[in-house]
There are 2 protein chains.
Amino acid sequence: MNEYDCLKLDRQLCFPLYAASKEVIKKYKSFLNELDITYTQYIVMLVLWEENNINVKALGEKLYLDSGTLTPLLKTLENKGYIKRSRLKSDERNLIISITNKGESLKEKAKDIPYKMGKCINLEEKEVVELYKILYKILSQK
Amino acid sequence: MNEYDCLKLDRQLCFPLYAASKEVIKKYKSFLNELDITYTQYIVMLVLWEENNINVKALGEKLYLDSGTLTPLLKTLENKGYIKRSRLKSDERNLIISITNKGESLKEKAKDIPYKMGKCINLEEKEVVELYKILYKILSQK
DNA sequence: CACAATTAAATTGTATACAATTTAATTTAT
DNA sequence: ATAAATTAAATTGTATACAATTTAATTGTG
């Protein structure tokens, strides 16, 4: 035991959080490849399926992403035909993101993904609940 | 309740995992700025402080990173003077990473970071233990 | 009204991530 | 012994992330 033991990798909480997040996202890839979208594009679509016609700022707040990430990503999703980007008439600073028919129909293809992913991550129901609770506790401390 | 409810953002486990990981890393930034390293460079140094003279493959296995990420990052750390990159004489395919004196002395500056970070993330001791356990359970399912 | 302050996106620059491929060194199998 | 297979890094190409700055639109204030 010395004063540097706290620097051991397996003593850090940040590291398994970082690594597990990446590993879980990697597992999504095989399912998302079929929809021709990336993980970040997928979570953008998750928001839009729930709340259409949202501006970039609100989207970024929900997803913890800024315009530097979202601007190019939303252009990509528009090029793929899943969304439409248009300025809000009453305040042109706002870019409004809306789903196209193609984007709406993607929902049908996506709806099995959560179930498939659930089978990939082998956790007890109790662990899922606990993990969820702790992660949102961290997120609430912004 | 409909068949698409499973696609709601707040029903996903992946999302808080992804978001919390990024938020935690963001909190590290203020501490790591003082050492002039990024989060990924920091976890590389964590490994090297524990195990000097490690090759890129072993480093990547510990950190869940591949050579595509590590190669440029290790060049950066070498340019900063914290590590040295050299080929293993007995098998030149291996690039061996070793710490310089400057890299070793960085450990002194880093040793308070885990404590400082702990104060940033407000979790009960029980929650920390539980989170840690669940995350490593996910990681063990590679 | 006019101009400063604010706001929302976009842009710029730097640093990951990772799949897929390539290169170079070493090992295996014939 | 030598060609084929394997292995470790490096490279290439694409896609995030995010801090910091810029641009353009709108709002607040004297």
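Predicted model: local features only at pLDDT ≥ 70, side-chain atom pairs only at ≥ 80, totals over all residues.
**Legends: protein chains and DNA strand C**

**View 1. How the two copies meet.** Residues are numbered from 1 along each chain as its sequence is written, chains are lettered from A in the order in which they are written, and side-chain values use heavy atoms, without hydrogens and water.

**View 2. Chain A laid on chain B.** A turn of 180 degrees with a shift of 0.0 Å along the axis gives an RMSD of 0.0 Å (least squares on C-alpha atoms of residues with pLDDT of at least 70 in both copies). The two copies are thus related as by a two-fold rotation axis.

**View 3. Surroundings of DNA strand C.** Sugar and phosphate make up 77% of the DNA strand C atoms that come within 4 Å of the protein. By class, this surface holds twelve charged, eleven polar and six nonpolar residues (Asp, Glu, Lys and Arg count as charged; Ala, Val, Leu, Ile, Met, Phe, Trp, Tyr, Cys and Pro as nonpolar; the others, Gly among them, as polar).

**View 4. Phosphate oxygens of DNA strand C.** Polar contacts here are pairs of N or O atoms within 3.5 Å. A side-chain N or O atom of Thr71(A) lies 2.8 Å from a phosphate oxygen. For a polar side-chain atom of Asn55(A), the distance to a phosphate oxygen is 3.4 Å. Tyr64(B) uses a polar backbone atom, 3.4 Å from a phosphate oxygen.

Key:
Near = heavy atom within 4 Å. Polar contact = N/O pair within 3.5 Å; in protein donor to acceptor, adjacent residues only side chain to side chain.
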